[in-house]
Number of protein chains: 2
Amino acid sequence: MPVKRDTYTPESLLTVAVRVFNERGYDGTSMEHLSRAAGISKSSIYHHVRGKEELLRRAISRALDGLFGILEEPGAVRGRAVDRLEHVVRRTAEVLMDELPYVTLLLRVRGNTDTELWAMARRREFDQQVTRLLRQAAAEGDLRGDVDARLATRLLFGMINSLVEWYRPERGDTAGGSGGPGRSSRDEVAEAVVRTAFAGLRTAPD
Amino acid sequence: MPVKRDTYTPESLLTVAVRVFNERGYDGTSMEHLSRAAGISKSSIYHHVRGKEELLRRAISRALDGLFGILEEPGAVRGRAVDRLEHVVRRTAEVLMDELPYVTLLLRVRGNTDTELWAMARRREFDQQVTRLLRQAAAEGDLRGDVDARLATRLLFGMINSLVEWYRPERGDTAGGSGGPGRSSRDEVAEAVVRTAFAGLRTAPD
């Protein structure tokens, strides 16, 4: 087997690992698969990390850091609950698009290892914080009271999380543009999520 | 191996097969798995169907018949486009909940066989019919013009399709009720989807 010089950093190795995890599923990925995809030997990989679960933990941490970071942004801690909620919804869509492979992995973990169980628990925590914000906004009279807060949270995340199924980042040559015919840009998508979720698709009655 | 008498009909065998397909993934399911889950021999299964792809085709057909049936209902063919769209959205959520395992399977096919490719093509057709309805409703001035119709369709289906991740049918003893603490009933969920998508979560400004 021709030996490729190991020019990886823990960061660039992670990029390769996340791609393989998303393609084959975490359970279906072996160190052999990672070694082949990276083009370096297994022992070179072990030089960087203890094993595939460490790569998973690092990847999931990156997604979770992005998501939980939102909750500490000024827009999420100051102002009326409904505006904070709107900020969180827009930023969650943006973080999902900016960190697409990492959040995709987070949304797909199954719970077969400690790291996956931890990921699922943290995801639930994030959802619960959003539900709390929703309840507060409803109590302040800014959100409709006839949709249960937990149910609304699920529908919100259903809409946002579906982006991992179809959103593909713009190519460099169309950055800032619409991403080509039939393609929506990151900002357009985030704006559409916020409008649909908060104002609804129907025009206001006369 | 103790032989269990084959009391299956094509219909009841399908129920078992769809459960196994959803648990293991269609690709990961062998005739051996189906035989073990059904408790009958492989040759007994071959008595009912030609193979696992026929079971997949039947299951997918059931989901698609339910979905395309909506488009022929009176509420989907008469009236203003926005009302027809609302009907289709509500009924799609309902059919998804009523035919949960079948629609779950439809949403998860990957496109590795002719049957899967056909399923994906039919799903796209359904989505396109909804996009057309959305465009018409926007042209009639009933839907906001500042969210692209294809993007809106994707967000709508993102919200509706997410039900397969968390909606679980009510138990018999709470039929018609709220499905127990923290559980939402089928009708409550369908109503929440329609309200969120069309009117938005925010209360109308004074």
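Colleague: What are the percentages of helix and strand over residues 30-49 of chain A, and how far apart are the end C-alpha atoms?

Modeller: Over residues 30-49 of chain A the chain is 75% helix and 0% strand, with end C-alpha atoms 14 Å apart. Helices (H or I, at least four residues) and strands (E, at least two) are DSSP runs, numbered from the N terminus. According to the unreviewed UniProt entry, these residues carry the annotation "DNA-binding region"; such annotations may be inferred rather than shown by experiment.

This is a predicted model, in which local features need pLDDT of at least 70 and side-chain atom pairs count only at pLDDT 80 or more, while totals for chains, interfaces and linings use all residues. Residues are numbered from 1 along each chain as its sequence is written, chains are lettered from A and ligands numbered from 1 in the order in which they are written, and side-chain values use heavy atoms, without hydrogens and water.

Colleague: Why does Gly25(B) count as partly exposed?

Modeller: Its relative accessibility is 27%, and Gly25(B) therefore falls in the partly exposed class. Gly25(B) lies in the loop between helix H1 (10-24) and helix H2 (31-38) of chain B.

Colleague: Why is the pair of Phe21(B) and Tyr26(B) called by its particular name?

Modeller: The structure holds six aromatic pairs over all chains. The ring centres of Phe21(B) and Tyr26(B) are 5.0 Å apart and their planes stand at 75°, so the pair is edge-to-face. Rings of Phe, Tyr and Trp (its six-membered ring) pair if their centres lie within 6.5 Å; planes under 30 degrees apart count as stacked, over 60 as edge-to-face and the rest as tilted. Both Phe21(B) and Tyr26(B) are buried.

Colleague: What sits over the ring of Tyr26(B)?

Modeller: The charged end of Lys52(B) does, 4.1 Å from the ring centre. The criterion is NZ of Lys or CZ of Arg within 6 Å of the ring centre and within 35 degrees of the ring normal.

Technical notes
Buried means under 20% relative accessible area, exposed over 50%, partly exposed in between (1.4 Å probe, protein chains only).
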